[in-house]
Amino acid sequence: MTGLDLSSPVAVVGTGTMGQGIAQVALVAGHPVRLYDAMPGRAQEAAEAIGARLDRLVAKDRLTAGDRDAARARLHPARDLADLADCALVVEAVLERLDVKQELFRALEDVVDDDCLLATNTSSLSVTAIGGALRNPGRFVGLHFFNPAPLLPLVEVVSGFATDVTSATRAYETARAWGKTPVACADTPGFIVNRIARPFYAEAFAVYESQAAEPATIDAVLRECGGFRMGAFELTDLIGQDVNESVTHSVWQAFFQDVRFTPSLAQRRLVESGRLGRKTGHGWYDHADDAERPEPHTAEPARAPAYVVVEGDLGPASELLALIREAGIGVREEDEDHGTRLVLPSGGQLALADGQTSVEFRDVVYFDLALDYRRATRIALSASQDTSSQTLTEAIGLFQTLGKNVSVIGDAPGMIVARTVARIVDLAHDAVAKGVATEEDIDTAMRLGVNYPLGPFEWGRKLGRNWAYALLDDLHLRDPSGRYAPSLALYRHAYASDKREGTSS
């Protein structure tokens with residue numbers, strides 16, 4: 001099945017930022033486009049705004065003047081819903097209220113032909129619930145574009161409980177014909193991106209709430225060590241704290257207050273105070289023109305150890321050994337399998353974050369997971385009051401000699417990047433096991449929708465089949481609330497690996 005014929009009119013109902021963006025996408029693809037808004041005059045204003053954006057595309061040589069003129073000729077404000085009668089697709093982008101959307105689509109059903117595809121751009125409501133108000137919910141589908149719609153490539157094509165396969169396929173192929181990258185998913189709270197992305201925010205806020213580190217340091221570690229485009233605090237300031245918290249709260253409620261999706265109390269207080277981010281001038285950060293941006297904690301220079309002793313397999317951190325040797329630090333390897341750790345000349349241990357706390361061992365410093373230890377420019381270290389100053393100094397000096405800035409945080413099990421990635425990997429496995437989407441579509445969605453450096457399954461394969469399960473299992477033992485309990489899907493994934501390798505679990 002193919003998408004809509006370019007001669008078929010497309011309607012967009014709701015002319016806010018998302019509605020205008022979706023209309024522009026359909027228009028540039030070649031469709032006649034009808035704009036409708038319940039507020040008088042809004043559709044005409046939206047048409048003029050879209051025209052101005054087309055002018056800017058011409059000025060930037062991204063659109064020819066001829067194509068702009070042709071697109072403008074295809075764009076028509078509609079006075080009422082009856083003007084949408086001959087449309088082959090209607091996309092709704094109105095207020096995020098179930099009753100409002102249901103009333104709109106009931107009215108549309110009385111206007112459009114039976115073969116017209118009806119779609120909602122909702123990001124937080126159930127596609128099934130909206131479509132449940134229709135006489136023919138089989139033609140109803142979710143088309144979730146990301147803002148700004150003309151620029152971001154991802155579109156989540158969401159099938160409600162009653163959506164026909166032919167309708168979902170038609171919507172998928174239409175999005176692809178418009179130059180987008182569609183991913184198919186079932187109707188689940190948050191769909192793909194907003195479901196699986198929750199730990200990125202939640203774990204950063206949890207580290208902050210435990211007073212292990214401040215926002216600037218956490219953001220720097222996520223960027224410079226984890227490879228994320230932005231840190232959680234700066235990103236939510238950009239999105240809007242009210243918007244981000246609303247999505248989190250919606251997903252949490254839709255999952256019957258599942259502890260894995262519990263909103264942040266610190267973020268709630270921020271919203272209550274009116275500090276919503278860049279749009280109000282203050283959020284986690286002060287965005288005034290003359291405000292100084294807080295610097296992440298960076299350790300003072302320290303002397304590197306003369307050598308390290310490697311005990312066991314460093315696993316995801318194994319590439320550190322080559323870096324240590326290249327830096328001129330001696331490496332002694334022992335065959336004893338004590339886990340993922342280095343022994344420093346002081347006798348203290350340096351270990352990759354594994355979900356355990358520093359207070360459980362006499363003298364240990366944990367280091368965080370990096371996307372790429374060679375390219376990372378910052379490493380976080382975690383120590384407790386029982387860690388000797390000599391061990392911490394040697395650990396700092398070691399990573400500084402490797403060319404890294406070092407941020408020392410409090411005793412946070414799983415640290416920052418490691419616990420975040422492990423939870424993202426877990427939610428991705430859980431989503432596949434529950435039929436939400438395929439592994440490939442989830443990886444695509446997380447790379448394109450929120451700019452993750454790797455998709456969850458790509459990351460999981462890089463880290464090893466058992467890594468995320470082992471870390472979360474450790475965290476769950478220390479926080480038995482259920483927040484870190486590995487999913488059954490992740491357990492099966494880890495156990496299957498053991499079976500194939502002929503070991504017991």
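How do the residues of the lining of the largest pocket divide into nonpolar, polar and charged? In this predicted model, the division is 22 nonpolar, 13 polar and five charged. The pocket itself has a volume of about 1300 Å³. A search of the whole structure also finds 17 aromatic pairs, and four cavities of 30 Å³ or more are counted.

**Largest pocket**

- With a volume of about 1300 Å³, the largest pocket is lined by 40 residues, of which H144, F146, N147, I239 and V243 are the closest to its centre.
- Elements that give two or more residues to this lining are helix 1 (17-29), strand 6 (140-145), helix 7 (193-196), helix 8 (198-209), helix 10 (232-239), helix 11 (241-254) and helix 16 (439-450).
- The most is given by helix 11, which supplies five residues to the lining of the largest pocket.

**Cavities**

- The largest cavity holds about 50 Å³ of space.
- Its lining consists of R198, Y201, A202, F205, N244, T248, T262, P263, S264 and Q267.
- Helix 8 and helix 11 are the elements that give two or more residues to the lining of the largest cavity.
- Helix 8 gives the most to that lining, with four residues.
- By class, the lining of the largest cavity divides into four nonpolar residues, five polar and one charged.

**Aromatic pairs**

- Among the 17 aromatic pairs, F228 and Y452 form one that is edge-to-face, at 5.2 Å centre to centre and with 85 degrees between the planes.
- F228 lies in the loop between helix 9 (215-224) and helix 10, and Y452 in the loop between helix 16 and helix 17 (456-463), so this pair ties together parts that are 224 residues apart in sequence.
- F228 is buried, because its relative accessible area of 4% falls under the 20% limit.
- Y452 also counts as buried, at 6% relative accessibility.
- Y491 and Y495 form a stacked aromatic pair, with 5.9 Å centre to centre and 15 degrees between the planes.
- Y491 and Y495 are four residues apart in helix 19 (residues 488-500), so about one helical turn separates them.
- Y491 is partly exposed at 34% relative accessibility, and Y495 is partly exposed with a relative accessible area of 33%.
- A cluster of F200, Y201, F228, Y452 and W459 is linked by ring pairs.
- Within this cluster, Y201 is also one of the residues lining the largest cavity.

**Charges over rings**

- R293 places its charged end over the ring of Y285, 4.0 Å from the ring's centre.
- R332 lies over the face of Y307, and the distance to the ring centre is 3.8 Å.

- Strand 4 pairs with strand 1 (residues 10-13) in the parallel sense over four bridges.
- V13 has E92 in strand 4 as its bridge partner.
- Strand 4 also runs parallel to strand 5 (residues 117-120), to which four bridges join it.
- The bridge partner of V91 in strand 5 is A119.

How values were computed:
Residues are numbered from 1 along each chain as its sequence is written. This is a predicted model: local features need pLDDT of at least 70, side-chain atom pairs count only at pLDDT 80 or more; totals for chains, interfaces and linings use all residues. Side-chain values use heavy atoms; hydrogens and water are left out. On a 1 Å grid over the protein atoms alone, a cavity is a set of points where a 1.4 Å probe fits but cannot get out, and a pocket is an open set with protein on both sides within 12 Å along at least five of seven lines; lining residues have an atom within 4 Å of a point. Grid points are joined across faces, edges and corners, and a volume is the space filled by probe spheres set on the points. Ala, Val, Leu, Ile, Met, Phe, Trp, Tyr, Cys and Pro count as nonpolar, Asp, Glu, Lys and Arg as charged, and the others, Gly among them, as polar. Rings of Phe, Tyr and Trp (its six-membered ring) pair if their centres lie within 6.5 Å; planes under 30 degrees apart count as stacked, over 60 as edge-to-face and the rest as tilted. Buried means under 20% relative accessible area, exposed over 50%, partly exposed in between (1.4 Å probe, protein chains only). A charge sits over a ring if NZ of Lys or CZ of Arg is within 6 Å of the ring centre and within 35 degrees of the ring normal. Two strands pair if DSSP finds at least two bridges between them.
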